[in-house]
Amino acid sequence: MNIQRSWATPIAAGAFLLSAVTGVLIFFHVDSGLNKAAHEWLSWLLLGGVVLHVLANLGGFKRHFASRGALAVIGAFALVLALSFIAPAGKSEPPFLASVRALSDAPLPTLALVARQTPEALRASLVAEGLQPTADTRSLGELTGPDLRKRARILAKVLANRP
């Protein structure tokens with residue numbers, strides 16, 4: 001396969017520009033509109049563009065692996081990548097999970113008040129989600145079990161139905 005530099009490099013450069021700008025906006029919490037979605041989904045273009053760019057420049061790319069300096073830089077980034085999977089002490093989960101836990105552990109009548117719904121309407125919403133609320137003293141957490149993703153998903157739907 002003959003990959004042309006004339007389009008592989010512009011794809012990599014354009015995708016890098018998109019990823020870099022949206023990443024900086026997200027970092028400084030000034031992203032708006034579709035910035036975050038574009039960063040997450042269109043970064044695949046960066047990955048594809050870099051692969052095409054490397055394939056189009058394979059000879060030069062291979063020469064980088066002959067240099068100790070280049071290998072040290074690549075190794076340093078590989079080490080940083082490996083370390084990025086370690087959760088810092090005291091920060092094992094996102095901060096919003098405390099709210100998810102508090103709301104999902106509250107009795108259903110309390111959750112109904114927060115959602116500005118009647119307890120009956122809340123129970124109907126929960127039944128629509130496949131849960132079986134049998135008593136008002138039960139909580140969403142008791143109905144869903146320990147799965148925080150499921151709790152958050154159901155809470156989002158319940159709270160979205162606020163009048």
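Phe61 is partly exposed in this predicted model, with a relative accessible area of 34%. Phe65 is partly exposed as well, at 40% relative accessibility. By the ring-centre rule, the structure contains two aromatic pairs. One of them joins Phe27 and Phe28, whose rings sit edge-to-face. Their centres lie 4.9 Å apart, with 90° between the planes. Phe27 counts as exposed because its relative accessibility is 59%, over the 50% limit. Phe28 reaches 55% and is therefore also classed as exposed. Phe61 and Phe65 form an aromatic pair too, again edge-to-face.

Three helices each supply at least two residues of the patch: α2 (35-56), α3 (58-64) and α4 (68-83). Helix α2 gives the most, with seven residues. Trp44 is located in α2. At 57% relative accessibility, Trp44 counts as exposed.

Helix α4 also contains Gly75. This glycine is partly exposed, at 36% relative accessibility. Gly75 and Val54 are 21 residues apart along the chain, and 18 Å separates their C-alpha atoms.

Helix α5 spans residues 97-105, and its buried residues include Leu97, Val100 and Ser104. These three lie on the same side of α5, because they cover an arc of only 55° around the axis. Ala98 and Ala102 are exposed on the other side of α5. What do the buried residues of α5 pack against? Their partners are α8 and α9.

Helix α7 covers residues 119-128. Within it, Leu122, Ser125 and Leu126 are buried. Their arc around the axis is only 100°, so they fall on the same side of α7. The face turned away from this buried side carries the exposed residues Glu120 and Ala128. The buried residues of α7 pack against α6 (108-114), α8 (140-144) and α9 (148-160). Gly130 follows α7, and its phi is positive, near 90°.

Thr144 lies in helix α8. Is Thr144 buried or exposed? Its relative accessibility is 11%, so Thr144 counts as buried, the limit being under 20%. Leaving aside residues up to four places away in sequence, Thr144 touches Leu131, Lys150, Arg151 and Ile154.

How many salt bridges does the structure hold? There are five. One of them joins the side chains of Glu40 and Lys36, at 2.7 Å from N to O. Both residues lie in helix α2, four residues apart, about one turn of the helix. Glu40 is partly exposed, with a relative accessible area of 44%. Lys36 is likewise partly exposed, at 42% relative accessibility.

Arg123 and Glu120 form another salt bridge, with the closest N and O atoms 3.8 Å apart. Both sit in helix α7, three residues apart, about one turn of the helix. Arg123 is partly exposed, with a relative accessible area of 22%, whereas Glu120 is exposed.

Glu129 and Arg153 meet through their side chains in a salt bridge of 3.0 Å, N to O. This pair links distant parts of the chain, 24 residues apart. Glu129 is in the loop between α7 and α8, and Arg153 is in helix α9. Glu129 counts as partly exposed at 23% relative accessibility. Arg153 is partly exposed too, with a relative accessible area of 38%. Lys157 joins Glu129 and Arg153 in one network, built from salt bridges that share partners.

Terms used. Residues numbered from 1 in each chain as written. Predicted model: local features only at pLDDT ≥ 70, side-chain atom pairs only at ≥ 80, totals over all residues. Heavy atoms only, no water. Buried < 20%, exposed > 50% of the residue type's maximum accessible area, 1.4 Å probe, protein only. Arc of directions from axis to C-beta. Contact = heavy atoms within 4.5 Å. Phe/Tyr/Trp six-rings, centres within 6.5 Å; stacked < 30°, edge-to-face > 60°. Salt bridge = Lys/Arg side-chain N within 4 Å of Asp/Glu carboxyl O.
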